[in-house]
Amino acid sequence: MEAGLTQLQLAAEIGKSRDTILNVEKEPDLVTLETCNACALACGVDPATLYDDRLAFLSDAQDGLAKKIGVSRTTIKMWEHGQVYPQLSYLRKLLSME
């Protein structure tokens, strides 16, 4: 993200510490979506452009898990969002996975 801001300036802009900005640069996969959004907006970048790789990875992971336990990806998403809960048989499959 190029906006002509130093790490310290960006940190001040989003109300976070400079260490947070260092973590954004070093370990972007561990940064919260809230911090990603704030950084993107402060730098004048569409936040959605930051998520393309993450969303593709998440989609692949959901597909893989769904196939392993015999449900649809939509079911996995519904479990993740607490819209429905897995049946006991699926919980057993999840718990037995390595």
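C43 is buried in this model, with a relative accessible area of 11%; buried here means under 20% relative accessible area, exposed means over 50%, and partly exposed covers the range in between (1.4 Å probe, protein chains only). The model is a predicted one, in which local features need pLDDT of at least 70 and side-chain atom pairs count only at pLDDT 80 or more, while totals for chains, interfaces and linings use all residues. Residues are numbered from 1 along each chain as its sequence is written, and side-chain values use heavy atoms, with hydrogens and water left out.

A disulfide is a covalent bond between the sulfur atoms of two cysteines. With the criterion of a pair of cysteine sulfur atoms within 2.5 Å, a search of the whole structure returns zero disulfides. For C39, the closest cysteine sulfur belongs to C43, and the separation of 6.4 Å is too far for a bond. C39 is buried too, at a relative accessible area of 1%.

Turning to the overall fold, the protein contains six helices and zero strands, where helices (H or I, at least four residues) and strands (E, at least two) are DSSP runs numbered from the N terminus. Read from the N terminus on, the order of elements is therefore simple to state: α-α-α-α-α-α. The radius of gyration, taken over C-alpha atoms, is 18 Å, whereas a compact globule of 98 residues would come out near 13 Å; that reference follows the rule of 2.2 Å times the number of residues to the power 0.38. Along the principal axes, the C-alpha atoms fill a box of roughly 50 × 25 × 20 Å. Of the 98 residues, 20% count as buried. The protein exposes about 7100 Å², with 54% of this area supplied by carbon and sulfur atoms; accessible areas come from the Shrake-Rupley method with a 1.4 Å probe, and for residues only the protein chains shown count as cover. Contacts, meaning heavy atoms within 4.5 Å, were also sorted by separation: among those between residues at least 6 apart in sequence, 31% join residues at least 24 apart.

The interior can be described through its nonpolar cores, each a set of buried Ala, Val, Leu, Ile, Met, Phe, Trp, Tyr and Cys residues joined through side-chain atoms within 4.5 Å. The largest such core has ten residues, namely L10, A11, I14, I21, V24, V31, C36, C39, C43 and Y51. Helices α1 (7-14), α2 (18-26) and α3 (33-42) each supply at least two of its residues, and α1 gives the most, with three. Leaving aside residues up to four places away in sequence, V24 touches V31, T35 and C39. Another core lies apart from this one; it has five residues, among them A66, V71, I76 and W79.

Helix α3 shows a clear division into sides. Its buried residues are T35, C36, C39 and A40. These residues span an arc of only 130° around the axis, so they sit on the same side of α3; the arc is that of the directions from the helix axis to the C-beta atoms. The face turned away from this buried side carries the exposed residues L33, E34 and L41. Just after α3 comes G44, which takes a positive phi of about 75°.

Beyond residues up to four places away in sequence, Q62 touches R73, I76, K77 and E80. I76 also belongs to the five-residue core.

H81, found in the loop between α5 (73-80) and α6 (88-96), is exposed at a relative accessible area of 59%. G70 occupies the loop between α4 and α5 and is exposed, at 53% relative accessible area. G70 and G4 are 66 residues apart in sequence, and their C-alpha atoms are 49 Å apart in space. E13, in helix α1, counts as exposed at 54% relative accessibility. Its C-alpha atom is separated by 38 Å from that of R73, 60 residues apart along the chain.
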